[in-house]
Amino acid sequence: EGLEALCSQIIHRTVGSPPADGMAVPFTASQSMAIRAARTLLDKEKPAEAADHLGAALLGDSANVHQDT
């Protein structure tokens with residue numbers, strides 16, 4: 001019980017709430033940046049530009065993924 005409880009607490013404090021099974025999560029800094037930029041653009045009603053940011057992230061083109069949109 002002691003070691004299992006310790007491991008559980010470490011996971012909870014470092015990860016928080018893990019994503020649900022089957023949920024996609026970004027795993028690189030450029031993917032996270034592209035998602036944030038796309039959400040900002042969607043809030044500004046610019047879906048085409050949001051799609052460009054996501055497409056650039058999928059293609060690994062970090063030069064075309066800008067944080068300040």
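Ile10 has its place in helix 1, which covers residues 2-15; helices here are DSSP runs of H or I with at least four residues, numbered from the N terminus. The model is predicted, and local features need pLDDT of at least 70, side-chain atom pairs count only at pLDDT 80 or more, while totals for chains, interfaces and linings use all residues. Residues are numbered from 1 along each chain as its sequence is written, and side-chain values use heavy atoms, with hydrogens and water left out.

Ile10 counts as partly exposed because its relative accessibility is 47%, where buried means under 20% relative accessible area, exposed over 50%, and partly exposed in between, with a 1.4 Å probe and protein chains only. Together with Leu3 and Leu6, Ile10 forms a nonpolar patch on the surface, and the accessible area of these residues together is about 310 Å². Such a patch is made of residues with over 30% relative accessible area and no salt bridge, nonpolar side chains (Val, Leu, Ile, Met, Phe, Trp, Tyr) being joined within 5 Å and like charges within 9 Å; a salt bridge is a side-chain nitrogen of Lys or Arg within 4 Å of a carboxyl oxygen of Asp or Glu. The areas come from the Shrake-Rupley method with a 1.4 Å probe, and for residues only the protein chains shown count as cover.

Next comes helix 2, in which Gln31, Ala34, Ala37, Ala38 and Leu41 are buried. These residues lie on the same side of helix 2 because they cover an arc of only 130° around the axis, the arc being that of the directions from the helix axis to the C-beta atoms. On the other side of helix 2, Ala29, Arg39 and Asp43 are exposed. The buried residues of helix 2 pack against helix 3, where contact means heavy atoms within 4.5 Å.

From the side of helix 3, Leu54 shows part of this packing: leaving aside its neighbours within four places in sequence, Leu54 is in contact with Ala34, Ile35 and Ala38. Leu54 and Arg39 are 15 residues apart in sequence, and their C-alpha atoms are 10.0 Å apart in space.

The loop between helix 2 (29-43) and helix 3 (47-58) holds Glu45, which is exposed with a relative accessible area of 70%. Most residues other than glycine have a negative phi. Glu45, however, has a positive phi, near 60°.

Definitions and conventions:
Helix = DSSP H or I, 4+ residues; strand = E, 2+ residues; numbered from the N terminus.
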